[in-house]
Each structure stands twice: as C-alpha cells, then as structure tokens.
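Work through the exercises below with the sequence and the structure at hand. Each task is followed by a solution in steps.

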Amino acid sequence: MKVRDLEWDDFSDIVGNYFSYYDELPGNPALGLTLFAEKPTLAEESEWFGRLYAQTLTGMQLASVAEENGRVVGLAQVAQKQPHHDQAHVGVLGIALHKDFRGKGVGTQLMRHVLERCRGRFEVVELTVFSTNEPAKKLYRKMGFRYVGTLPKSVKRGDRYFDEDLMVLEL
C-alpha cells in the first residue's frame with residue numbers, strides 16, 4: 001500500500017471508485033457517504049476533478065490517495081471551510097475507500113498522511129460522519145477527533161433519515 005499526494009493521472013481510478021458507491025448504495029443504504037440524488041455524468045466528474053486538482057495546486061485543498069498495485073483505492077481531502085474568511089483556519093475532511101479496502105488499515109494510513117499535511121496549514125479539522133457508522137467513528141477517535149454534536153436528519157435517502165455526528169481535531 002502506498003499513500004501519496006493526488007496526481008492528475010488519478011482521475012480514472014477516483015471516478016471509478018466514486019461511481020462504485022452508487023452501485024453499492026442499494027444494498028447498503030447506510031453507506032456513510034453523501035451522494036448526489038442521481039449518479040453524475042463523466043463530464044460532471046471531469047469538472048469536479050479539475051476543480052479539486054486546481055485547488056490542490058493553489059493550496060485551498062489537500063488531497064491524498066491510497067494506491068494498491070498501481071490502482072487508487074481511496075481518497076482523503078481537506079478543504080478550507082471558508083477561504084478568505086475568518087474560518088480559513090478550519091479544514092473540512094472527507095474520506096472514501098473502495099469497499100474492498102475498508103477495515104484493512106488503509107483508512108488509517110490515508111488519514112495519517114492527509115492530517116500530517118494539514119499541520120501548519122489548518123488549526124482545526126472537522127468532519128461529519130453518519131451516527132451509525134461505528135467503524136469510521138472509531139478511526140476518527142483513534143486519529144484524535146472528538147465528538148462535538150449531532151446533526152439530526154442530516155441525510156435523507158428515500159424515506160429514511162440518517163443523523164450525522166460532527167467531530168473536530170485541533171492540530
């Protein structure tokens with residue numbers, strides 16, 4: 001397993017992973033990722049990736065990937081909460097792993113890498129996690145995040161609601 005900074009050539013693997021979450025969702029409605037109501041098009045994902053990559057170049061975001069046998073299997077990104085505002089010292093973390101690599105320590109390696117890169121860049125990192133996602137919350141606590149509150153009914157999938165916990169890490 002190799003963990004490194006995002007590269008332009010990671011586009012195909014990252015988009016492939018993202019599209020796989022839509023395939024996974026019907027069998028796992030509690031999947032701890034917020035997704036668009038409909039699967040985006042490849043063109044929309046190209047625009048998103050272009051913005052992500054550009055923001056990594058300008059320092060508005062940090063992005064790290066986990067690579068296994070030449071294939072990207074996870075992405076962690078930290079974006080400035082409010083660039084050019086009095087919340088610019090806060091980063092918002094998101095992490096996603098391909099289902100075949102969850103529970104195998106990949107998330108831990110990926111989190112360590114991206115959080116180390118946050119030091120000196122952000123003073124606080126925050127995230128939201130589905131309240132029912134105990135494995136993810138365990139990882140976040142291990143990384144030093146602490147629970148600060150619950151956002152009730154934060155995500156709605158069909159007629160089902162999911163609460164999200166807000167967690168923060170002071171660097």
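**Exercise 1.** How do the axes of helix 3 (residues 106-118) and helix 4 (residues 134-142) cross, and within what distance do they come?

*Solution.* The model is a predicted one. Two packed helices are described by the angle between their axes and the distance between the axes.

- Step 1: the axes of helix 3 and helix 4 come within 11 Å.
- Step 2: the crossing angle is roughly 40 degrees. Angles under 35 degrees count as roughly parallel, and 65 to 115 as roughly perpendicular. Helix 3 and helix 4 are therefore oblique to each other.
- Step 3: helix 3 and helix 4 cross in a right-handed sense.
- Step 4: on the side of helix 3, G107, T108 and M111 take part, and they meet L139, Y140 and K142 of helix 4.

**Exercise 2.** Describe the crossing of helix 1 (residues 11-24) and helix 2 (residues 42-58), and list the residues in contact.

*Solution.*

- Step 1: the axes of helix 1 and helix 2 come within 11 Å and cross at roughly 120 degrees. Roughly perpendicular covers 65 to 115 degrees, and roughly antiparallel needs over 145, so helix 1 is oblique to helix 2.
- Step 2: the crossing of helix 1 and helix 2 is right-handed.
- Step 3: helix 1 contributes F11, I14, V15, Y18 and F19 to the contact, and helix 2 contributes L42, E45, S46, W48 and F49.

**Exercise 3.** Which geometry does the aromatic pair of Y18 and Y21 have, and which does that of Y18 and Y22 have?

*Solution.* A pair of aromatic rings is described by the distance of the centres and the angle of the planes.

- Step 1: with ring centres within 6.5 Å as the cut-off, the count is nine aromatic pairs. For Y18 and Y21 the centres are 6.3 Å apart and the planes stand at 90 degrees, an edge-to-face pair.
- Step 2: Y18 and Y21 are both in helix 1, three residues apart, about one turn of the helix. Both Y18 and Y21 are buried.
- Step 3: Y18 and Y22 also form an edge-to-face pair, with 5.4 Å between centres and 80 degrees between planes. Because Y18 and Y22 are four residues apart in helix 1, about one helical turn separates them. Y18 and Y22 are both buried.

**Exercise 4.** Which residues form one aromatic cluster, and what lies over the faces of F122 and Y161?

*Solution.*

- Step 1: the cluster consists of W8, F11, W48, F49 and Y53.
- Step 2: over the face of F122 lies R121, 4.8 Å from the ring centre.
- Step 3: over the face of Y161 lies K153, 4.7 Å from the ring centre.

Note on methods: Residues are numbered from 1 along each chain as its sequence is written. This is a predicted model: local features need pLDDT of at least 70, side-chain atom pairs count only at pLDDT 80 or more; totals for chains, interfaces and linings use all residues. Side-chain values use heavy atoms; hydrogens and water are left out. Rings of Phe, Tyr and Trp (its six-membered ring) pair if their centres lie within 6.5 Å; planes under 30 degrees apart count as stacked, over 60 as edge-to-face and the rest as tilted. Helices (H or I, at least four residues) and strands (E, at least two) are DSSP runs, numbered from the N terminus. Buried means under 20% relative accessible area, exposed over 50%, partly exposed in between (1.4 Å probe, protein chains only). A charge sits over a ring if NZ of Lys or CZ of Arg is within 6 Å of the ring centre and within 35 degrees of the ring normal. Axes are lines fitted to C-alpha atoms, for helices over the stretch in contact, and angles run from 0 to 180 degrees between N-to-C directions. A crossing is left-handed if the near helix is turned anticlockwise from the far one by less than a right angle, and right-handed if clockwise. Contact means heavy atoms within 4.5 Å.
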